[in-house]
Amino acid sequence: MKGEGMETENLLEIRHMRKSFEGLGVLRDISLTVRRGEVVSVIGPSGSGKSTMLRCATLLERMDGGSLSYLGQAVCRMEEGERGDSVYVSKSELRRFHRYFGLVFQNFNLFPHYSVLKNITDAPVRTAGAAKEDAEKTARELLARLGLADKADAYPCQLSGGQQQRVSIARALALKPEILFFDEPTSALDPELTGEVLKVIRQLAKEHMTMIIVTHEMNFAREVSDRILFMEDGLIQEEGTPEELFHSSKERVQEFIGKLAAS
């Protein structure tokens, strides 16, 4: 979070990312570099491609064109030629990239039939090979850190939306990712519950967790971000520091920020 003296290693590099659905170009040409310890917020109207960019970066969707790499290691390369189609590494190689990132969804995506503790420990035990005792120790430490120490044995249906979202953040952190992606983490919450989730993200930013946050909370983005990207029509239309974006000379950016900041 606006930290100085941090490492400048590039964790994520996206070059000329393209993605279409049924012939509709949702992402037309996205290039982005994120350095270690950096917090990048992504804003823009619905349908601008923000969530699709996150889904491509976290391998939930395959890019049609462009390249993607984590820590300088290619997930997919851009094929030479006019189209620049994406060529992915093998399935077995793809698996190792999942340990680099965590994704927090807007609708929590917790397993309803698992306890809070099992929701957090399931992936470390099953996919990362962690010992159950170690995974549970880490999970309980995370729950305590997020103010949920007494909820380990509860089930998602017994929690508020804000508590569920904090559990989903704990689940993402349990795999010790290099970078965390948030896809509108407060959009499914009442305003009263939004604050408790934003407080957690603020704390992660203070600890220099690398994050990309798709959000409509303008004042929060201004406070927590090193950079803000404004997306529209499948393109990054403008990017810069919070001050640069909030004082943009582009009328469309000002109009968008003004509407949300006032709401």
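Colleague: In this predicted model, at roughly what angle do the axes of helix α3 and helix α5 cross, and within what distance do they come?

Modeller: The axes of α3 (residues 116-126) and α5 (residues 161-174) cross at roughly 25 degrees and come within 8 Å. Angles under 35 degrees count as roughly parallel, and α3 is therefore roughly parallel to α5. The crossing of α3 past α5 is right-handed.

Colleague: Which residues make the contact between α3 and α5?

Modeller: From α3 come V116, N119, I120 and P124, while α5 supplies V167, A170, R171 and A174. Sorted by class, this contact holds six nonpolar residues, one polar and one charged.

Colleague: Which residues meet between α3 and α4?

Modeller: On the α3 side they are V116, L117, I120, T121, P124 and V125; on the α4 side they are K132, A135, E136, A139, R140 and L143. By class, the contact of α3 with α4 has eight nonpolar, one polar and three charged residues.

Colleague: Turning to charged side chains, how many salt bridges are counted?

Modeller: Side chains of opposite charge can pair when their charged atoms come close. In this model the count is 18 salt bridges. One of them joins R126 to D122, with the closest N and O atoms 3.1 Å apart. Because R126 and D122 lie four residues apart in helix α3, about one helical turn separates them.

Colleague: Are R126 and D122 buried or exposed?

Modeller: R126 is exposed, with a relative accessible area of 61%, whereas D122 is buried at 6%.

Colleague: Where in the chain do E178 and R36 lie?

Modeller: E178 and R36 form a salt bridge with an N to O distance of 2.7 Å. This pair links distant parts of the chain, 142 residues apart: E178 is in the loop between α5 and β8, and R36 is in the loop between β2 and β3. E178 is partly exposed, at 27% relative accessible area, and R36 is partly exposed at 22%.

Colleague: Which residues are linked in a network of salt bridges?

Modeller: The network of salt bridges links R35, E38, R227 and E239.

Note on methods. Residues are numbered from 1 along each chain as its sequence is written. This is a predicted model: local features need pLDDT of at least 70, side-chain atom pairs count only at pLDDT 80 or more; totals for chains, interfaces and linings use all residues. Side-chain values use heavy atoms; hydrogens and water are left out. Axes are lines fitted to C-alpha atoms, for helices over the stretch in contact, and angles run from 0 to 180 degrees between N-to-C directions. Helices (H or I, at least four residues) and strands (E, at least two) are DSSP runs, numbered from the N terminus. Angles under 35 degrees count as roughly parallel, over 145 as roughly antiparallel, 65 to 115 as roughly perpendicular and the rest as oblique. A crossing is left-handed if the near helix is turned anticlockwise from the far one by less than a right angle, and right-handed if clockwise. Contact means heavy atoms within 4.5 Å. Ala, Val, Leu, Ile, Met, Phe, Trp, Tyr, Cys and Pro count as nonpolar, Asp, Glu, Lys and Arg as charged, and the others, Gly among them, as polar. A salt bridge is a side-chain nitrogen of Lys or Arg within 4 Å of a carboxyl oxygen of Asp or Glu. Buried means under 20% relative accessible area, exposed over 50%, partly exposed in between (1.4 Å probe, protein chains only).
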